[in-house]
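Work through the following exercises with the coordinates loaded. Each task is followed by a solution in steps.

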Amino acid sequence: MRNALKYVLSASIGLVVAAGSHAAEPLKLRMMAPIYVDGKGAGIRQPEGVSCRGNALVVADTGNGRLLRYAIAGDSWTPGGEIVLPQLPFPIRVDVNSKGDIFALDGKSRRIGRVAPSGEFLGYVAPAGDVQGAVVPRSFRIDRDDNLYLLDVYSARVLVMDPAGKIQREIPFPKEYGFFSDLAVDAGGNILLLDSVRKRVSRVAKNSPDVAPLSESLTGEVHFPTAIATDKQGTIFLVDQNGSGIVILGPDGSFRGRRLSMGWKDGFLRHPAAMCISDNGPVFIADRGNNRVEAFLITE
Amino acid sequence: MMLRTKTSLVLLAIVSTMAVSLSYSQDKFRLKPGAKGKVCLTCHEAFKEKLKLPFLHTPVKAGDCSDCHNPHTSSHGKLLSSSVNRICFSCHEGIVPGKTRSAHKVAVEGNCVKCHDPHAAKNKNNLLLAGNELCSGCHQRLAKEMAGNKFKHSPVEKGCLNCHTPHASAKTLSLLKNDVPGICVTCHRPDAPAFGKQHMGYPVAKSNCSSCHDPHGSGSRGILWGKPHQPVANKMCNQCHLDPSSPDALKTRKAGYELCRGCHNAQMNEILGRNRIHWPVVDKTSCQNCHNPHASRESGLLKEPQLPLCGECHGDTIERLDKSLVKHKPVQEGNCTKCHMPHSSNNVFLLDNTTPINLCGTCHDWQKHSSHPIGEKVADKRNRNLAMDCSSCHDPHGSEHKRFTHYDIKMELCVQCHEQYKR
């Protein structure tokens, strides 16, 4: 009898502790719907890039060598056509500026192309002025003021360009790093750099020339993160490619939790490649290994 | 008066306690007079032979068996008074200092008995074997290579401890007594005319000697690593570096992959022309992320064998492989390039084939004629955009299940799709 009582008591304590820790978890990702096809019903293949700004969702449908557009309306979206360009045969990263121009990094040529909302190719992004060394972009991001942040792995730096392409800042990588795969710009204009090898996020404060570690090494929490995104509140999301999940960090880089897991069915991920957070609605994840984009709602 | 008496009593009690504990620590098992060092031998007779060896561990010499063993009971094997991996540190505390640049794994793990006999030995420091023979016991590959070397490095022949320290090194990597080139220039004087001539006049006095030379000896003259880069073997350093007379002579003529492109142009064009690049190829360090531009023991001038080399960045994958219950042969053998193209590919994961079915089929050809239905025309029931292929059920890097399936093959795997059979 005493043993039974002990068991019930310890089980109750366990449940309370578990419930408490669950309640302390900050954010959840609630599955909305997957996007499997374009407007004509043709399947998406190995998407590696996704961008959402205003009511525009752009997907780099990498395996099919095209860009797909969707219009977001609240919690739903409608297909808006495809863009196929010989100048961008293998898009791997995308972003959109305030005018609706689409920027896409081509994995084959390793150049960033600019595309008008009409689908017309406007040319490759080239830094204006005196830039030392070759430029090989691994990733890029456009901020609210249409400045372009370019992660240049060849010359080991971040280049910040104004909308005209003029270099505003050149931030060298720190002395010690593994490999920077992606960057994000938070609402305050701070740059976040994702080191996939050291599993760490670094930060460049607005107008600072230095890259400083933000998070500790996340070994044990993340397998091989390859993309980073941040929301208005400064919460950081890491796309864990090899771990098939999303890792959430606080604005100070502290580990907040891990969401989603490996699988084929809706709501699961297989080697995801990128993530974007729309202004007022869902987040979209380029679920590369599952040939789809998945939409989730962030809930408390 | 009363207070003084009380104080005296307290002091007396303290002194008595100290005296008792001192005598206890000196002879905590209250052995009979003259029994110390002899009482254990009444049963452990064979140990008497051991005591005749020339080098005795200090407690053994003093007959203090109970320094390490508890004669009555113990929670540890051989009645040791603490864990076999910790007991040596109770006296030899600083053998592996807190902050080191390199440490010998056995020392860190407290596996002292791998090298030392805790009681007595024929060799100094109670070593189990003398000289290089001891080190060769674990470092077998190196020992084998050294034995076959045509050109020997004389300090190595004289003993590993000429250059290495056995436990830990606070300042250097690879347990070296001094950093490279510091340790090399103690014998090979850079100001000697022959040194300059051998190095084509390049100012290499402060360079990393082991970038070109195998310190353990080699089959090549000048103890160059077994597989030297052709320009190095031909003493054509200026093919990549500036002229030796220039102020910055060791600087390369071009940066990154552009330098290698000078000779390997066709290969570079092929690499850069594919859809997916292995990103380190185009970063600042470029080819040198994986290749040693001077010489290597590995084919393809790789800096290390593939598994540790790829693992430098893809440690998570290697860790997963280690935990995997069943190993995939190419993975187990560290042959990453059996399936992956290391520079670039048109396929996802830099695979060396357009589809997993074709790739796996290069070894497992039976799956092309007798297997679960797979191929472009066989839809994966879990996902409308996927067709069934080998990776639908198997994780090629391994898993915790038999045949490295994603799920348990008896209860979970098949019902992922065939849900009607789920129990």
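The largest cavity is lined by G49(A), V50(A), R93(A), V94(A), S139(A), F140(A), R141(A), D182(A), A227(A), I228(A), A274(A) and M275(A). The model is a predicted one.

**Exercise 1. The enclosed cavity**

Task: State how many cavities of 30 Å³ or more the whole structure has, and find which strand gives the most to the lining of the largest cavity.

Solution. 
Step 1. The space in the largest cavity comes to about 90 Å³.
Step 2. Assign the lining to elements. In chain A, strand 2 (49-53), strand 6 (91-96), strand 10 (137-142), strand 18 (225-230) and strand 22 (274-277) each supply at least two residues.
Step 3. Strand 10 of chain A gives the most, with three residues.
Step 4. Sort the lining by class: seven residues are nonpolar, two polar and three charged.

**Exercise 2. The second largest pocket**

Task: Give the volume of the second largest pocket and say which element gives the most to its lining.

Solution. 
Step 1. The volume of the second largest pocket is about 980 Å³.
Step 2. Its lining has 41 residues, and R144(A), V185(A), D186(A), A187(A) and T230(A) lie nearest the centre.
Step 3. Two or more lining residues come from each of strand 2, strand 6, strand 10, strand 14 (180-185), strand 18, strand 22 and strand 24 (292-299) of chain A.
Step 4. Strand 2 of chain A gives the most to this lining, with four residues.
Step 5. The class count is 17 nonpolar, 11 polar and 13 charged residues.

**Exercise 3. The nonpolar cores**

Task: Identify which members of the largest nonpolar core touch the most other members, then list the contacts of L148(A).

Solution. 
Step 1. Background: nonpolar side chains in soluble globular proteins tend to be buried together.
Step 2. The largest core holds 26 residues, and those touching the most other members are F140(A), L148(A), Y257(B), I277(B), W279(B) and V282(B).
Step 3. At least two core residues come from each of strand 7 (102-106), strand 10, strand 11 (148-152) and strand 12 (157-161) of chain A, and from helix 12 (265-272) of chain B. Helix 12 of chain B supplies the largest share, three residues.
Step 4. With neighbours within four places in sequence set aside, L148(A) contacts F103(A), V125(A), F140(A), R141(A), I142(A), L159(A), V160(A) and M161(A).
Step 5. A second, separate core has 16 residues, including I44(A), L68(A), V293(A) and A295(A).

**Exercise 4. The interface**

Task: Give the area that chain B and chain A bury between them and name the three residues of chain B that supply more of its buried area than any other three.

Solution. 
Step 1. The contact involves 34 residues of chain B and 34 residues of chain A.
Step 2. The two chains bury about 3000 Å² between them, with 54% of it on carbon and sulfur atoms.
Step 3. N275(B), W279(B) and N385(B) supply 22% of the area that chain B buries against chain A.

**Exercise 5. Helix 14 of chain B**

Task: Is T317(B) buried or exposed, and what does it contact outside its sequence neighbours?

Solution. 
Step 1. T317(B) belongs to helix 14 of chain B.
Step 2. T317(B) counts as buried because its relative accessible area is 12%, where the cut-off is under 20%.
Step 3. Helix 14 (residues 315-323) has as its buried residues D316(B), T317(B), I318(B) and L321(B). These pack against helix 13 (306-311) and helix 15 (329-332) of chain B.
Step 4. Beyond four places in sequence, T317(B) contacts N242(A) and H397(B).

**Exercise 6. Backbone exceptions**

Task: Which residues does a cis peptide bond join, and where do D146(A) and R403(B) lie?

Solution. 
Step 1. Background: most residues other than glycine have a negative phi, and most peptide bonds are trans.
Step 2. V180(B) and P181(B) are joined by a cis peptide bond with omega of about 10 degrees. P181(B) is in the loop between strand 4 (168-169) and helix 8 (182-185) of chain B.
Step 3. D146(A), not a glycine, has a positive phi of about 70 degrees. D146(A) sits in the loop between strand 10 and strand 11 of chain A and is buried, at 13% relative accessibility.
Step 4. R403(B), also not a glycine, has a positive phi of about 55 degrees. R403(B) lies in the segment after strand 10 (383-388) of chain B and counts as exposed, at 53% relative accessibility.

Methods
Residues numbered from 1 in each chain as written. Chains lettered and ligands numbered in written order. Predicted model: local features only at pLDDT ≥ 70, side-chain atom pairs only at ≥ 80, totals over all residues. Heavy atoms only, no water. 1 Å grid on protein atoms, 1.4 Å probe; cavity = no way out; pocket = protein on both sides within 12 Å on 5 of 7 lines; lining within 4 Å. Points joined across faces, edges and corners; volume = space filled by probe spheres on them. Nonpolar A, V, L, I, M, F, W, Y, C, P; charged D, E, K, R; others polar. Core = buried A, V, L, I, M, F, W, Y, C linked by side-chain atoms within 4.5 Å. Buried < 20%, exposed > 50% of the residue type's maximum accessible area, 1.4 Å probe, protein only. Contact = heavy atoms within 4.5 Å. Buried area = accessible area lost by both parts, 1.4 Å probe.
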